[in-house]
Structure formats: structure tokens, C-alpha cells
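Hi,

Here's the structure I promised to pass on. Have a look, and then read on for what turned up in it.

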Amino acid sequence: MATRKNRPMGVPEASDVFVDEEEGTVKKEDSVEKIVVGGPGWESDPTNGLTLEEVKTSLAVHGPNEIPVEITPLYVLFLRQYMGFMPFLIELAAIISLAVQDYVDFAIVAAMLLINGLLGFREEYHAKKSLDELANKIESEVTVLRDGGKAMQLKTTELVPGDVVFLVGGNIVSADIKWLRGDEMSLDTAALTGEPIPRKYPGEHGDVMLSGTTVRAGECYGQVIATGTNTEIGQAQADVMKDKSVKVESVFYRKIMMVVQAVILVSLFLVIAVLLVDGLYYGGFKTSSQETILNALSIMIAAIPVALPLVLQVNMALGAAYLAKHHNAIVTSIPALQDIASMSILCSDKTGTLTTAKMSIMPDSIYPGVGFDSTDVLLFASLCSNPDKKDDPIDRAVLQAFEKDQEGKKRLESMGYEQESIIGFNPEVKRTVGFIKAKDGTKLTIAKGLPAKVLDTSAGGVDSHEIQWKCANADDKKFTKELDDMGLKLSKDGYKTIAIAVFDGDAREVENPIFRFVGLLPMIDPPREDTAQTISSLHRANISVKMITGDHTNVAIETARLIGLGTNIYPGEDIRNTISEQQKNEMIWLADGFASVLPSDKRECVMILRNVFGIVTGMTGDGVNDAPALSAAQVGIAVEGATDAAKNAADLILTEPGLSPIYGAVLESRRIFARIKAYVVYRVSASIMLVLTLSLLMFISGCAVDPLLVIILALLNDISMIPVAYDYAEATAKPQLPLASKLVLMSIFFGVVHTGIALLVFYVIDDNDRLDGNFDLSKGPECSTETKAFVWFYLVLATEFMIFSARAQSFFWKSKPSIFLVASVLATALIGSLVAGLAQDLPGSNVGWIWLFNICAFIAVDLLKVWFKGVINDSPGDVIEGDGLMTVEKDASEAKKHMEKKKRYVVHEECVVPLEHRYHPVSVVDEKKGFFGKVFEGVTSHHISHHRFNKKHFKAHPS
């Protein structure tokens with residue numbers, strides 16, 4: 001069956017053009033020429049786009065707009081659990097056990113490896129699934145004309161060759177697209193060419209906008225000519241993905257692993273010392289070299305926290321999934337969780353973040369110019385709006401208001417006005433220009449935008465717009481004063497104003513055209529219902545919020561008053577006109593916000609807060625003009641409805657309007673790092689305690705615990721602590737800086753103090769001989785089985801109970817652990833009791849005494865812990881209970897706000913990031929290096945100013 005359709009390029013709409021729907025091709029009668037839908041030579045209808053049948057055909061012929069990525073097989077994921085520094089040491093221990101023919105120990109070590117591998121595989125698999133789900137949520141959307149010109153928002157992966165798409169500033173071009181109609185487009189092509197200067201399309205580089213570029217300015221319609229691996233950049237990316245896969249690690253993770261490796265290295269020296277002392281001083285090499293080697297080997301195994309990297313990675317991945325599911329905040333880079341937990345100042349855009357972005361026109365407050373009425377203002381504003389920009393709050397508000405104006409609709413019908421073309425808004429020129437034709441053939445040029453720029457385009461300096469003009473009364477001081485007074489009055493009432501002007505004719509054909517001023521259009525953008533509560537809650541979390549907006553200063557001050565922010569807000573020009581750097585820095589530090597800012601002002605505020613004051617700074621934004629500031633901030637946040645350029649520069653993408661998802665993300669990030677720090681302190685402390693205790697027992701008495709028991713102890717420690725990833729955690733009221741030094745000090749404190757108490761208990765009992773059974777450390781290498789069992793079971797309980805103190809910010813009873821963690825620890829303790837009592841013949845009374853000793857030691861160490869935290873300036877401060885927003889105190893005075901701000905700033909000064917950590921270092925790790933490459937080459941570190949997870953690393957993604 002054949003029907004009339006879009007036609008081959010250059011072929012007129014004639015009767016000999018048909019589509020064969022069964023073959024999916026276009027052909028001319030009596031000709032062998034065939035043109036595939038969306039293929040070379042195909043030309044789509046620029047106003048209607050493809051039909052649904054043509055979309056199906058193009059998709060079948062060309063495939064989806066994705067670059068296929070090799071999926072890591074499950075067996076590779078499993079084998080990866082046995083690759084790395086710590087697994088390698090355990091594998092070495094297994095080989096040594098086999099070499100000395102201790103098959104029981106070999107079996108236990110092998111079982112330890114297998115169990116850790118299985119647990120690691122399970123957790124990493126679930127974490128990977130969670131991250132894949134996040135990747136799917138980050139997919140961009142684009143406006144597409146289909147099925148008779150219907151504008152619809154589609155995921156970029158759904159684009160097919162032949163589609164007609166609408167591009168605006170901030171879009172990332174997601175396919176190779178041929179320009180059809182609209183503005184001259186300014187594209188950032190650095191991703192392809194490396195050139196920093198934007199290119200113009202159509203122009204000397206042709207009319208095809210390549211996939212991977214970013215629209216800097218302009219609005220146009222274009223036809224998709226290539227997708228997926230058929231694009232210029234797509235094939236290159238596909239080749240790269242075949243060869244290499246990378247992951248990004250935070251500096252915090254790298255520091256922790258360095259600490260762990262240092263502990264293991266010190267432990268290895270102690271193990272060698274134990275081997276020599278046991279073998280030479282106590283004659284172990286003469287009596288049983290096999291047992292001597294195994295004694296040392298078991299201590300080495302106890303020193304290796306083999307599950308630590310797994311727990312860290314799973315905690316981060318589960319936390320990222322939790323943020324997406326419960327707080328509508330998608331983390332684009334897992335290491336960014338570290339920065340969110342550390343954030344002290346948030347620079348927030350106003351429109352759409354603090355306010356609803358649901359602009360509403362106030363018809364009764366419209367201010368018409370001479371010779372016009374309010375209906376004219378609304379009519380001309382609607383003619384200079386684009387109905388396809390459904391997500392533009394101003395155009396949407398104008399068109400909705402005009403739809404209710406019956407008189408305006410009559411005038412439109414009477415004059416037969418029709419929009420021929422439009423030059424879209426961009427942040428530099430701050431105006432939109434529409435070209436209109438009436439049914440009698442007369443033409444109009446209509447401007448809509450910032451009042452100063454509509455009245456005189458040279459205000460603030462001549463810009464790059466192709467049309468420059470003045471309004472007829474732009475030099476009339478009386479008129480401009482009246483206009484300024486009206487704008488000031490409206491802005492004090494919280495109204496945003498845009499101006500409308502008209503030129504009779506096509507202004508592109510006239511040099512220095514003189515426009516007529518039509519009027520001011522007031523619109524209001526009310527604060528969100530939860531904004532005041534969210535800001536109050538962020539303040540409680542010691543995060544100061546600074547409003548940074550392009551709106552008038554008076555509008556910003558009124559909005560700040562309504563939402564509970566301070567009203568110390570400066571115009572953006574004050575930043576640019578300061579007499580010294582010091583004055584500028586102090587202004588940015590103390591201000592509650594800035595208004596009438598340029599994109600460069602936003603970036604400068606972020607850079608000064610981050611680099612000069614050392615504050616972890618967040619920045620929200622939604623447009624292409626916000627991308628530089630988002631990229632500069634440690635925590636770039638793309639708000640709901642943000643452009644592709646903003647999302648690409650962000651660490652956090654919000655899928656719900658407003659600031660409240662940020663508050664949830666802050667609390668959850670702080671909890672994630674509380675879990676991580678607790679486990680790191682616990683696991684490193686346990687390693688220190690086990691190595692020191694077992695080594696010192698050997699040095700002092702020559703008594704060695706059965707190697708098999710030590711290996712079982714290490715296995716029990718790793719298995720019992722898996723629930724830490726799901727543990728309850730408290731969000732501190734202070735930002736959490738990733739300072740490894742404090743973790744090291746706390747780990748040494750726990751390890752050394754517990755070792756001291758353990759040795760005190762052992763040797764006091766040995767001297768007094770008051771326990772049942774035969775406790776005889778003094779016999780040295782000949783110490784009894786009961787003695788070894790006593791020592792072993794004491795270490796089991798000590799290392800298990802330690803987690804409850806390590807995880808608590810303050811005293812252990814103030815922090816409730818999860819039922820799973822409690823059950824896991826108790827189960828391990830009971831298993832230890834049974835092994836000691838039944839398998840090692842430890843008297844039941846001694847088992848009870850060991851429980852009592854450990855409970856007393858645990859309480860004593862926990863009390864000392866709180867004191868020690870104060871000594872090293874690691875006191876937890878207050879904690880925030882729950883995720884609920886605070887109740888706002890109504891009518892709080894400016895004096896009270898100022899006092900609260902001073903208190904927050906004291907905390908900010910306590911949370912200054914060290915100079916060497918202000919530039920966002922990360923590590924890039926090649927995941928496809930072979931086993932020996934990983935072990936011996938190590939990890940390559942690259943220090944870069946900012947990092948992102950590129951979506952090309954996900955399973956399926958747009959080109």
C-alpha cells in the first residue's frame with residue numbers, strides 16, 4: 001500500500017512521490033531510486049515533522065539514539081572481588097597455608113575469601129542496579145514536532161532520523177541536526193573541536209549542528225539526520241567504550257585506603273617481628289616451623305580489613321539510590337556525596353527554586369505606553385512568544401493571560417497577525433524579538449524583555465544582538481523617570497516587569513530603527529509554600545543561603561523578606577565596581593544575596609567563597625548561563641526543569657521543584673558519611689587492637705593463639721559488620737569535612753586503649769590466678785588451650801562491641817543502632833561463646849567473666865572517647881532528628897536573623913577546607929586493567945578542578 005508522505009530532498013510535492021510502508025522507503029514511480037525514511041536525501045516537513053508511521057519506520061531502519069556499551073558480565077563482577085591489594089594478601093596467606101600443608105587453615109582462609117567474595121558480589125550487584133536506575137532518570141528531553149506538528153517532550157534516546165526538533169539555549173545537541181529555520185545558533189563545540197570560541201550555525205561551518213555540542217544562544221528548528229553511532233561523535237565514543245571503562249573515586253576514599261594500607265604495612269613489620277621472635281627467641285623454628293609460620297600468618301590475616309572497600313562503596317551507592325527515591329535528588333557523581341555532606345553555604349537562584357516559577361500576569365496592573373491600552377500590551381507580548389516553549393515560565397504566563405483576553409483575541413483575528421519568525425531570548429541580550437505579518441501584508445517587529453534593554457538596547461553597553469534600537473521617547477527624562485518610578489513601585493510590591501515595544505516594519509531592513517514603547521507587563525512569581533521552612537531548616541543544619549538572581553534588587557529584597565532570608569542584598573554591579581579585592585571579598589562573604597547579576601557574577605561569588613574563604617559552596621541553577629557557576633561550585637545543583645547544559649555541569653539533579661530536596665540530600669549525605677566514618681574507625685581500630693594484642697602477647701610471653709581461631713575471628717568480624725551499610729545514622733548539625741586525620745586519631749585511640757585494657761586484664765588474671773580452669777600466660781609457648789581460648793573470646797567480644805561506640809557521635813546510649821546490626825553482633829558473640837565453651841573447653845564461668853570484663857571495658861572506653869573527641873576538636877555537636885522541615889517563626893526581626901547568622905558563620909569558620917583540598921581532586925581508575933596490572937601498577941591519580949560521571953558510562957545513553 002502506498003500513501004503520500006514527506007518527500008525526498010529537492011523533489012517537489014508531486015504525484016509521483018510515494019512511500020512504500022512495507023519496505024520503509026520513498027520512491028518515484030518508474031524509477032529504481034529508493035530513499036530511506038530519515039536517510040540521505042530525506043526532507044521532513046519542517047512544520048509537521050514525521051508521522052507516527054514514519055517514526056516507526058525510521059526507528060526500525062536506523063535504531064535508537066543510543067551508543068551501545070559493553071555490559072560487565074556477572075562472572076567478571078564476581079572475579080573482581082578477588083582483585084586488589086587486600087584480597088591479594090589474603091590469597092597469599094592461603095598459598096602459604098597450602099605450602100606448609102596446613103589444609104585446615106587453608107580451607108578456612110579459602111572459605112573466608114569465598115564468603116567475602118560472594119557478599120561483595122551480592123552487594124556490588126545491587127549497588128550497580130541502583131546506579132543504573134539513577135542513570136535512566138538523568139536522561140535529557142527535547143521538544144519534537146510529530147504527527148501533524150504536535151509539540152511533545154521526548155527523551156533524547158527516542159529521537160529518530162527525520163525528526164524535527166526545537167533547540168533552545170542550554171540544550172545539548174543529542175544527534176546530528178540540520179538547521180531548518182529560526183535564529184542563527186551559537187554553539188559551544190569544545191567537546192568536539194577543543195576550541196573555546198562558540199561557532200555560528202548556519203555559517204562558515206555549514207548548517208549541521210553536531211551531536212555533543214551545547215547551544216549557547218538562539219532558538220531554531222532542525223531535522224535530525226543521524227543518531228547513535230552514526231553521528232560524528234557517536235562512533236568515536238563507541239570505539240572508546242569498547243577499549244576502556246573508568247570509575248571515579250573521591251579523595252576521601254583514596255585517603256581512607258592509604259590509611260588502611262599504612263596500617264597493613266605496619267602490621268606486616270610486626271608480623272615479621274613475631275615470626276622472628278617466635279622462631280628464634282622462643283625456638284619455634286626448631287620445634288615446629290610450620291606452626292611458627294602459621295602463627296605469624298594468622299596475625300597478618302587479622303590485620304587485613306578485606307571487607308572495608310566493599311562497605312564503603314555499597315554505602316555510597318545505596319545512599320545515592322536513597323536520595324533519588326526518597327528525596328528526588330539524583331547524584332551524577334558518587335564522590336559528590338562527600339561535598340554535599342560538607343556544604344556550608346548555598347547560593348540559590350530565585351525563580352523556580354525559591355519561587356514557584358508559575359508566573360501570573362496581573363492585568364489590572366499593566367502599564368500601557370502612550371497610544372496603547374492594556375489589551376495592546378498583552379496582544380503584542382503574545383505575538384512575541386513561542387507556543388512551543390512550554391517550559392518557559394514567561395511565555396507560558398503571557399499566552400495563558402492572552403487566552404483569557406477576549407478583546408485581544410478579537411483584535412488578533414481582525415488584523416490577521418501571524419508570527420513569521422522569532423529571535424529567542426538569551427541571557428546576554430535579555431530580550432526576544434518577533435517578526436509579525438498582518439493579513440494586509442504590513443509587517444511589525446515586536447520586542448519583549450528587560451525594560452532597560454527594550455527601551456534602549458545600548459543600555460549597559462552595546463550587545464551582540466543583530467538588531468539595535470531606541471524607543472522614540474528613550475531620551476525623554478520625564479518619561480524615563482515616570483517609567484523608573486512605576487518599575488520601582490511594582491518591584492517593591494514583588495512584581496517582575498517586562499517591557500514591550502513595536503516597530504512598524506521589519507527592523508532587520510532598517511538601520512537604527514525607532515521603536516514605539518507599548519508598555520510594562522507586571523507578573524508575580526510567589527514563593528513556594530515550603531521555601532521559608534526549607535531555609536529555616538538549612539539554617540538549622542548550619543548552611544547559609546545566599547539568593548543570587550537576575551531580577552531587580554527590590555524584587556529580591558521583598559522575596560527575601562517573605563521567605564525568612566536576610567535583606568542585605570546588593571545589586572550585581574556593586575560586585576563589579578568595588579575598589580579593591582578585599583572589599584569585594586568582604587561584600588560577598590557578608591551579603592545575604594545579590595540581584596541584577598550577570599552569569600560572571602554568579603561564578604565569581606562561588607569562586608571567592610570556595611577559594612578565598614575555603615567554604616564548601618553549593619550553587620543552584622537551571623539555564624545555560626548558570627553552567628559556569630554550577631561547574632565552579634563543589635556542589636552544583638541543577639533544579640527541576642533545568643537545561644541540559646546545567647544538568648551536565650551539576651553534581652546533583654533535582655526532580656522535584658524547590659529547595660526541600662536539597663535539605664533532604666544534605667541530611668542523608670551526612671548520615672552516609674557518619675556510617676562510613678564509623679565503620680572505618682571501627683575496622684581500623686579492630687585491626688590495630690588484634691595485631692597489637694596478639695603481637696605483644698608473643699613478645700612478652702611467647703603465647704600464641706591458635707591460628708585457626710584467629711582466622712575465624714577475622715572472618716566473623718567481616719561478616720558480622722555487613723549490616724553497617726544499613727545502620728541507622730544521625731545527621732549532625734555541622735557540616736562533615738572529609739578529614740582523614742581525625743579518623744586516624746580515633747582509630748589509634750580505640751585500638752591502643754582496648755589493647756591496653758586487654759593486656760591489663762590478661763596479666764592481672766595471670767598474676768592472681770583467681771579464675772576457674774588453667775590460665776597460664778606465664779608458661780609462654782606452652783600456655784594452655786584454655787588460655788588461648790580466653791584470649792580469643794575476649795578479642796571476639798571486644799571487637800564486636802567496639803562498633804557500638806565507634807558508630808555513636810557522642811555516648812553510645814544516645815545513638816540507636818539498627819536491629820540488624822544488634823542481631824548480627826549478638827549472633828557473633830553467641831557463636832564465639834559456643835566455640836570457646838564447647839570446642840575449646842573454656843569453663844562457663846570464665847565465659848561469663850569475659851562478658852563482664854568486656855562490658856565494663858566498653859563503657860569505660862566510650863566515656864573516654866567523648867573526652868578524646870573534645871581533645872582533638874572532633875566533638876559532634878547537635879544532631880538533627882528526622883527529615884521534617886522546621887516550623888518557621890513568624891515575623892522574626894532583622895536583629896534576630898542577624899544574630900543567628902553570626903552563630904552560623906562561627907560554624908562556617910570551623911569548617912574551612914584546607915587549602916590543598918579546595919580544588920576537588922578525584923582519582924580516575926581504569927577498570928579493565930588485568931589482575932597484575934592492578935596489583936603492581938596501582939591506581940593513577942589525576943587532579944582536576946571538577947569532576948562528573950559522564951553518561952556514556954551507563955548501560956544505555958543518548959549519543
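Is C605 buried or exposed? C605 counts as buried, because its relative accessibility is 2% (buried means under 20% relative accessible area, exposed over 50%, partly exposed in between, with a 1.4 Å probe and protein chains only).

Some housekeeping: this is a predicted model, so local features need pLDDT of at least 70 and side-chain atom pairs count only at pLDDT 80 or more, while totals for chains, interfaces and linings use all residues. Residues are numbered from 1 along each chain as its sequence is written, and side-chain values use heavy atoms, leaving out hydrogens and water.

The structure does hold 1 disulfide (a pair of cysteine sulfur atoms within 2.5 Å). C703 and C783 form it, with their sulfurs 2.0 Å apart. The pair links distant parts of the chain, 80 residues apart: C703 sits in the loop between α24 (660-701) and α25 (707-720), and C783 in the loop between α26 (740-768) and α27 (785-806). Helices (H or I, at least four residues) and strands (E, at least two) are DSSP runs, numbered from the N terminus. Both C703 and C783 are buried.

There's also an open, antiparallel sheet of 3 strands, in the order β12-β11-β14; two strands pair if DSSP finds at least two bridges between them. Its edge strands are β12 (199-201) and β14 (214-217).

Cheers
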